[in-house]
Amino acid sequence: MATLTLPAAAAVALATGCAGEHPAAIDAMPRQVVTEAKLIFTHEAVEAVLSGGPDDRAIIRLTAPTATLDWGIHAHADGHTQNVVNETARSAVDYEFAPPLSARWFLRLQNQGDAALSVDVQIELFGAITWDDWQ
Amino acid sequence: MLIAGSLAWGACGDASSAVSADASIADDAPLAIDGGLPYVWDLPPGFPEPLVPANNPMSAAKVELGRRLFYETRMSANRTYSCASCHDQARAFTDGLARAIGSTGQLHPRSSMSLANVGYLGRFAWGNPLLTELETQAVVPIFGSEPVELGLMNLEAELVVRLRGEPRYPPLFATVFPDVTDPITVENVVKAIASFERVLISGRAPFDRYRNGDPTAISDAAKRGYDLFNSEKLECFHCHGGFNFQDVNKYVGHPTVEARFHNTGLYNLGGTGAYPAGGEGVYELTGIASDMGRFRAPTLRNIAVTAPYFHDGSAATLDDVLDHYAAAGRTIATGPDAGNGALNPYKDSLIVGFTLTADERAALHAFFDSLTDDSFLTDPRFTDPWRP
């Protein structure tokens, strides 16, 4: 996994510049970019955690060689599962994630194919949302 | 001394499985080993290469010496125990006991952990975030005193004398450590044992063949069980995922790992969240309330042969384990450990309970069985070299 973190001053400028009516505007540079080639074996599921809230944004880009990737974002709060998005049989994903509430959000990937799948993962983080790696 | 004391909770045991005493070393045991050859990893398909400390490079000769020391009863003060006494290959290097028993008969607070794939671990023992290297961990059962395992505390010199006194060891050590004039040292003993443990790699179970592309390698029931394992309903994969079916692995290209420990709601003494004294996990080291009952998730590899389960062996069967998680924690109605573990305030948030049909339970068992690596349990490279 590789991450690119902007200088603190830039992050502060981004945060202050975006305060007000638009949370963590995504036309600015991301505070951090996570890139990784994630190998997922047949039927294996993996989940990473994005911790953030309504003032944050994350751009999620996933690329797989075959359309056997199921993916989604959910949280477990107060004993319930809140699903934001769930898609099946994808080979490419380009999704802007706007957390509806502050929580630990699980980015779930599952390979429904019969062969291992190497998924190129790129996550751009805006605002204060954090990437807590695969859990 | 806090760290030293905490290191001592590795857990070994089982006097009934103690292996060869001095006199039983067979004259025709295969002691000839090649020196100087680089170690060639025999990795299962898809497995990464284990990390090796720069000050303890692998060699075939060192692995073989470590194997002999692993099964060596001179390694215990009373010459009755070896590492293998608590780590039996046929049980994936566990001992079948709820809690280990040391060489002096002392009952340990922990169950013996499997050594399968121990070379990939980022943390060792059940609840010790400070143990990060095999070479450090290997010292614990040999010289630890709380509890006594092999019982050689303060007997370092005695161990060296014993090994020098066995005529076959000096040339072996000289072969493995050719650059020193006096190679039989405690440090080199530990290095050799760690090297042997590092090659105890299990990754050729039927499930591995399935994972690597053979859809016929496991039953349809096992596949359904694996889907349940990966489901949002059960969430097992969070703590038991990846190639090693546990959540703290390091290897070449992935050298650092976050320490992860989990309170699974086994206990909740008096509704306070407390675990029984001596079995409080990371809390015993840190004193931080939220560390109460936090233990490392063990690998699920060979899980069908490593009963009983949990850090204190308090679940006799895998059905007991499933019942525990289905209930989101264990309720103990009476006695000193009474309490509703499901309400433990420090419990991992992913343990919320579920229901299982009989078919689903059977599917999970089929999946668990598919993780049994018979080739590992019988691999002659890992057997007792002292036995003819």
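Two strands pair if DSSP finds at least two bridges between them. Helices (H or I, at least four residues) and strands (E, at least two) are DSSP runs, numbered from the N terminus.

This is a predicted model, where local features need pLDDT of at least 70 and side-chain atom pairs count only at pLDDT 80 or more, while totals for chains, interfaces and linings use all residues. Residues are numbered from 1 along each chain as its sequence is written, and chains are lettered from A and ligands numbered from 1 in the order in which they are written.

**Stop 1: strand 4 of chain A**

Select residues 57-63 of chain A. This is strand 4, joined to strand 9 (residues 117-126) by seven antiparallel bridges. Find A:Arg61; opposite stands A:Gln122 of strand 9.

**Stop 2: the open sheet of chain A**

Next, show the five strands in the order 6-5-8-3-10 of chain A. They make an open sheet with antiparallel pairing. Strand 6 (80-90) and strand 10 (130-134) each have a single partner strand, so one side of each lacks a neighbour in the sheet. Neighbouring strands are turned by 15 degrees against each other on average, direction ignored; the angles are taken between axes, lines fitted to C-alpha atoms, and run from 0 to 180 degrees between N-to-C directions. Zoom in on strand 3 (residues 45-52) and strand 10, which share three antiparallel bridges. One bridge links A:Ser51 with A:Thr130.

**Stop 3: where the chains touch**

Show both chains. In contact (C-beta atoms, placed from the backbone, within 7 Å) are 13 residues of chain B and 14 residues of chain A. On the chain B side, helix 9 and helix 10 (237-240) give two or more residues.

**Stop 4: two helices of chain B**

Select helix 2 (residues 60-70) and helix 6 (residues 169-176) of chain B. They pack at about 145 degrees, with axes 9 Å apart. Helix 2 brings B:Ala61, B:Lys62 and B:Leu65 to the contact; helix 6 brings B:Leu172, B:Phe173, B:Thr175 and B:Val176.

**Stop 5: helix 13 of chain B**

Finish at residues 358-370 of chain B. Helix 13 has 13 residues and reaches 18 Å from first C-alpha to last, close to the 18 Å expected at 1.5 Å a residue (1.5 Å times one less than its number of residues). Its buried residues (20 or more other C-beta atoms within 10 Å of their own) include B:Leu364, B:Phe367 and B:Phe368. Their cover includes helix 8 (206-211), helix 9 (220-229) and helix 12 (318-326) of chain B.

Conventions. A residue is buried if 20 or more other C-beta atoms lie within 10 Å of its own, exposed if 12 or fewer, and partly exposed in between; C-beta atoms are placed from the backbone. Two residues are in contact if their C-beta atoms, placed from the backbone, lie within 7 Å.
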